[in-house]
Every structure is written in structure tokens, then in C-alpha cells.
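Me: I am new to this structure and would like to go through it by question and answer. Could it be shown before we start?

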Amino acid sequence: MSWALVKELQLTDYWQYTEPVEGEYFRVQWVNPPVNPRMMVAQARTSPTTEIFDARKLTSAVDHILDFLQPSFWSERRIAVRKSPLSPGWTVRIEVSDIPIVHAEQRAYQLFLPETTAAIDLSALRVLREVEEGLLYASSDDALQAFQVVGLSLKAVEQGNRTSPLIQGRVSDSGWNWQPGQPIYLGIAGMMSQSAPAIGFILQVGTAKSPTEIDFEIQEPWFL
């Protein structure tokens, strides 16, 4: 597979944009990232007004391959990036390839955070945040947690043990009963819900593919 460089960008707290670019598959490479890096990548247009679409949160220093379908009502599309306010700046390389990897409907890959200590006993299938002490449940009622969310626990872990939360990928559980095609949000104490919260912040963490299967992917928070 070959990749073509679109642009290198120095991340700041504000959106930075590539030139207009075609293609569906993009690779984000990190150059000398800091410890515990946090960034957002999205599709954008800057005319007639600036719009951000399909923003995604990246939280690990690995090459990220993203499939971005340009909205049909946009005449041109750019790739936009910015860092979390909690992270220092670093450089990213944005590359594009038109060679299909896997269709979005067949996505089966999973990305994981490096092993991190559980600060409390953790149950499976809970959304987690990371603090200095380790991993805790994330809660949408506390706006201070919005940029601490890192992934999903796939198994129960006792306090003091180490685990690798899921950052992005498809997950299934026979006990779920989601409404297919609808977004899934962070709720209280790491729980997920298809009802958006009314206080704190709104954070989409996935989309239901079937009643028992979701595509987990942390999006950009919206503050209430």
C-alpha cells in the first residue's frame, strides 16, 4: 500500500487544516508525541462558513488509519486536527491513499491503549478515564472529565492490576439491546446509553450496528 503526504501540521488548541484533499483513507502519523497525547481529527470545510464534521479522538501514539467519506453536499473537503488543551503541542503527518483497506460496514479491527493500572475495581464494558492514579469510570455529569476519557474496558479488572482499554473498534455483547444506526453516549459511572445526558457534557462513544454490536469510537465532547 502506498501513501501520499497531504501535509505536516503542528498541533495547537485550535483547528489546523490541510489543503482541500480527495480520497477516503487517511493515515495520521505522530512525530515525537508527548506522554499521554490527546488529539482530534475531523473532516472540515472553510467556505462559505467553517464546519467541522465527523470529529474523532485519538489517544495513542500509533499510526491511525481512518476512513472519511466526504459529505455529498460539500464541494471540497479538508482534514482538520487539533490537540487537547491538556496536551503540549507536537507534529502530525496527514497522508492519503485511495486503495481500499476495509469497507466501514466490515470494520473488524481494534485499537488499544497501552496497559494502564486500574485505580479501582473495574467492570467490563464500561467507559474509562485516565488520571494520575490510573483508570477510573468516566461520568458525563462532570465536565472536568470530558478530556480524560480514554476507552472501553473489555473485561473486569481488580484494583492495582493492569489492563488495555479499547480505543476504537467493534464490540459485541449478547446482553445489549441497542437501536441500530443510532449514536451511543457516555452516561454515569462508565455506563453507555442511547439517551444523551442533560447536564455536564455530551460525548458520543459509538454507534450501534445491531442490537448486540457497536462500533466504539470516542468523538468530540459537547458541553452543556
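## Burial, rings and backbone

Me: Are Trp-176 and Trp-178 buried or exposed?
Reply: This is a predicted model, in which local features need pLDDT of at least 70 and side-chain atom pairs pLDDT 80 or more, while totals for chains, interfaces and linings use all residues. Residues are numbered from 1 along each chain as its sequence is written, and side-chain values use heavy atoms, without hydrogens and water. Relative accessible area decides the class: under 20% is buried, over 50% exposed, and in between partly exposed (1.4 Å probe, protein chains only). By that rule, Trp-176 and Trp-178 are both buried.

Me: What percentage of the residues in the protein is buried?
Reply: The protein has 224 residues in total. Buried residues account for 50%.

Me: How many helices and strands are there in the protein?
Reply: Both are DSSP runs numbered from the N terminus, a helix being H or I with at least four residues and a strand E with at least two. On this count the protein has zero helices, and its strands number 21.

Me: What are the dimensions of the box that the C-alpha atoms fill?
Reply: The box is taken along the principal axes of the protein. Its sides are roughly 45 × 40 × 35 Å.

Me: How many aromatic pairs does the structure hold, and of what kind is the pair of Phe-53 and Trp-74?
Reply: Rings of Phe, Tyr and Trp (its six-membered ring) pair when their centres lie within 6.5 Å; planes under 30 degrees apart are stacked, over 60 edge-to-face, and the rest tilted. The structure holds six such pairs. For Phe-53 and Trp-74, the centres are 6.0 Å apart and the planes stand at 65°, so this pair is edge-to-face.

Me: How many residues apart in sequence are the parts that Phe-53 and Trp-74 tie together?
Reply: Phe-53 belongs to strand β5, while Trp-74 is in the loop between β6 (64-67) and β7 (78-83). The pair therefore ties together parts whose separation in sequence, in residues, is 21.

Me: Which class of accessibility does Phe-53 have, and which does Trp-74 have?
Reply: Phe-53 has 36% relative accessibility and therefore counts as partly exposed. Trp-74 has 5%, so its class is buried.

Me: What kind of aromatic pair do Trp-176 and Trp-178 form?
Reply: The distance is 5.7 Å centre to centre. With 55° between the planes, the pair of Trp-176 and Trp-178 is tilted.

Me: Which residues form one aromatic cluster with Phe-147?
Reply: The cluster is made of Phe residues.

Me: Where is Pro-48, and what is the omega of the peptide bond from Ser-47 to Pro-48?
Reply: Pro-48 is in the loop between β4 (39-45) and β5 (51-58). Most peptide bonds are trans. The bond from Ser-47 to Pro-48 is cis, its omega being near 5°.

Me: What phi does Asp-54 have, and what is its relative accessible area?
Reply: Most residues other than glycine have a negative phi. Asp-54, which is not a glycine, has a positive phi of about 55°, and its place is in strand β5. Asp-54 is partly exposed, with a relative accessible area of 26%.

Me: Where does Ala-189 lie, and what is its phi?
Reply: Ala-189 is in the loop between β16 (183-186) and β17 (192-193). With a relative accessible area of 29%, Ala-189 is partly exposed. Although Ala-189 is not a glycine, its phi is positive, at about 55°.
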